[in-house]
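Please read it alongside the sequence and the structure shown here.

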Amino acid sequence: MSLFLQLAAIDLKSYFRNSFALFFTFLFPVLLLFLLMLAFGGDNGPTKIDVKVAGNGPRAEKYMEDMQNILGHSQGIIFNIQTATETNMANEKGVVVTIPADATQKVRILVQKDAPLSSFNSIYPLMLVNSMQEIDYEKWDFVLNVVEDGEAEIMQGFKYGQYLIPGLIGMILISTSLFGFCTFLVEQRAKGAFKAYHLYPLQKWKFIAAFTSTRFLILLAFSFVFLIVADKVYGMDGVFNLALIGKLTLLISLGALTFLSLALLISSRIMAVGMVTGIANLLFYPATFASDLYIPQGGFPEIVKTIANLFPLGPFAAAMRDITYKGAALSDISYALGLMSVWTIACFGLTLVLFKWTKD
Amino acid sequence: MSQQHIIQVKQLALSFEDGTAFSFDNINISRGKITGIIGPNGSGKTTFVEAVLGLKNTSKADITIDGVTQKEFFSSMKNRKNLGSQLQVFAFSEMVKVSEMVSLHKALYGTQSKRIYDDLALAEISSKRLDKLSGGQKQRVSLFMALAHMPKLITLDEPSSALDKTMAEKLIALLKYMVAEQGCSIIIVTHHPYELDICDEVMTIYAGTKAYHETRDDFINQIIGAYHAQIFTGDQNDDPTIETAIDNIAHVKQHFRQNGQIDIFGSAEMEADFLALVKQYGLKSYSFAQTNSADILKISTSYAG
């Protein structure tokens, strides 16, 4: 067997012998999916949404129709439609949606500070419809203003699970790469395991290629296991034909390579495990928060959106949603594919130059 | 290019964050010989070897290995195939099985000695994962990875420290065979007399620099003393006149007093005067013998400097 295959085989076998690693790669994401779906997927008992129509007119009717279409997919949401004014809103408990008659004014979604906990379950579905614009701390703890109707229309019929699953795949690809693979490499270096590699007749690129290959296969396996479980349990409503599977394979493969290459680059020079954990956290939390994975991006400042869209995580998740639910062609997700390719090539290239075997 | 020396260190300097600095100049490791490196803990033995192997950041390094510069040596896969190193810490991924390490070795070097596989008794642990091995078993795997391709240059860092006596004896026999029959050059960092017994040359390192580098015989005869007399002074421990008396013995090279015991090193000619001293002080417990590896190690560690 060639050296490359031997290294890859050893790494793959070792990985599958590590029950801790298997749990965090395959089981934990599924548990996270169940947890988030339980909390925000509408299976948590009925939630009352008071819809205050501040003025009649075609806009209010259209918006209510859209909202009922959208939120109707979330189980257990009860709409209570009534006319109201701004002045009596403070007496309401729970979620209050106010639709002004004036089309130039924005629709507002309000959650009162003493609202029952279950009310918050409707926030995520509502946030799928809308984008967070501003927070009025003086009167409400949490205030959401609805953006243009057109955006709501696009999201019609879109369930939280459908939004969440591609986002979770993206999140697990980057978290496994950073916390699983990157820290593993730095730990090995810190323990002195790579000293031997420096002395063996082994080129760095062969080691990096073998490691990348096995970890790529692991990420690919995870993604499809996760998709299958998610589809069976929650019904993603994607049309899983050969064309879609082909496009998903390409997208997930490129995504896995992108985040792997990033992990390798970070691991290439960092010598202390504590430092790599810190860097991984610094990268992971802002990236997952701002990348439209499980929190809609709409309400973020433009600069945040711009930066987030230059990082491959958000475009990856968006592209996955587009090809799964909207039947997008590869050309439609060319930005995501191009961006990930650039990141992958740059990170691998730098890794080959910078990677060190030893900490000294 | 020196055919006589497998490693030539013209200049090697390392400095550390705590302010300590190691400096090794003009060290030549003989080809086809076993060189033992001894010295107290923390004196720089492992650092020296790892610096030569390119595993340490150095501030100055002018090193030639097998006729080429250190950089050239490690940039060539062919050269690396001629190197076998057992490092102080064997820290391979713990989920790997021994049989997979054996396969990896074969894939790395393309050749593998059945004798070394058998002598290190790897068959009996081949199905075990590294994290399930004892310290001695791990050391056997580490030694296999260093030796099984019969490299021209071998570096070993306390190779038998975790081995049982039988396995240690097998290792010693194996190393002797590799030098005698295969022409290997071996560097051993050691604290063990039976490892030092097979060394052709001895290099002592104190406080980050070379103190002596001689053939083992020269080191014993000229530096330490070919004979070793010991006195166990007991309740006469505090009598300062004994040491004055020892100083007056001809042919004594050095003597040390520690824990109710005086060690005297010198040539064979000191025997008569030594026995007279024993008689003069009425000492009941004493010995007189040829200096051995245990003595060398003791003098190089207990009485360092």
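B:R140 is buried in this predicted model, its relative accessible area being 8%, and its side chain meets that of B:E124 in a salt bridge with an N to O distance of 3.1 Å. B:E124, by contrast, is exposed, with a relative accessible area of 58%. Because B:R140 belongs to helix α6 (residues 135-147) of chain B while B:E124 lies in the loop between α5 and α6 of chain B, the pair ties together parts that are 16 residues apart in sequence.

**Other salt bridges**

- Salt bridges that share partners join A:K13, A:R17 and B:E100 into one network.
- Over all chains, a search of the whole structure finds 17 salt bridges, and one of them is formed by B:E50 and B:K56, whose closest N and O atoms are 3.7 Å apart; both B:E50 and B:K56 are buried.
- B:D119 forms a salt bridge with B:R115, with 3.2 Å between the closest N and O atoms, and these two residues both lie in helix α5 (residues 114-119) of chain B, where they are 4 residues apart, about one turn of the helix.

**Charges over rings**

- B:R115, which forms the salt bridge with B:D119, also lies over the face of B:Y177, at 4.0 Å from the ring centre.

**Aromatic pairs**

- A:F211 is buried, with a relative accessible area of 4%.
- In chain B, the rings of B:Y212 and B:F219 have centres 6.0 Å apart and planes at 70 degrees, so this pair is edge-to-face, the cut-off for that class being over 60 degrees.
- B:Y212 is partly exposed, at 35% relative accessible area, whereas B:F219 counts as buried, at 2% relative accessibility.

**The sheet of chain B**

- In chain B, 6 strands form an open sheet in the order β6-β7-β8-β3-β9-β10, and the pairing is mixed.
- Strands β6 (83-86) and β10 (209-215) of chain B stand at the edges, where each has a single partner strand, and therefore one side of each is left without a neighbour in the sheet.
- From one strand to the next, the twist of this sheet averages 15 degrees.
- Strand β3 (residues 34-38) of chain B runs parallel to strand β8 (residues 185-189) of chain B, and 4 bridges join them; within this pairing, B:T35 of chain B stands opposite B:I187 in β8(B).
- Helix α7 (residues 165-182) of chain B packs on the sheet, where it touches β3, β7 (153-157) and β8 of chain B, and the direction of this helix makes about 150 degrees with that of β8(B).

Technical notes:
Residues are numbered from 1 along each chain as its sequence is written. Chains are lettered from A and ligands numbered from 1 in the order in which they are written. This is a predicted model: local features need pLDDT of at least 70, side-chain atom pairs count only at pLDDT 80 or more; totals for chains, interfaces and linings use all residues. Side-chain values use heavy atoms; hydrogens and water are left out. Two strands pair if DSSP finds at least two bridges between them. Axes are lines fitted to C-alpha atoms, for helices over the stretch in contact, and angles run from 0 to 180 degrees between N-to-C directions. Contact means heavy atoms within 4.5 Å. Buried means under 20% relative accessible area, exposed over 50%, partly exposed in between (1.4 Å probe, protein chains only). Rings of Phe, Tyr and Trp (its six-membered ring) pair if their centres lie within 6.5 Å; planes under 30 degrees apart count as stacked, over 60 as edge-to-face and the rest as tilted. A charge sits over a ring if NZ of Lys or CZ of Arg is within 6 Å of the ring centre and within 35 degrees of the ring normal. A salt bridge is a side-chain nitrogen of Lys or Arg within 4 Å of a carboxyl oxygen of Asp or Glu.
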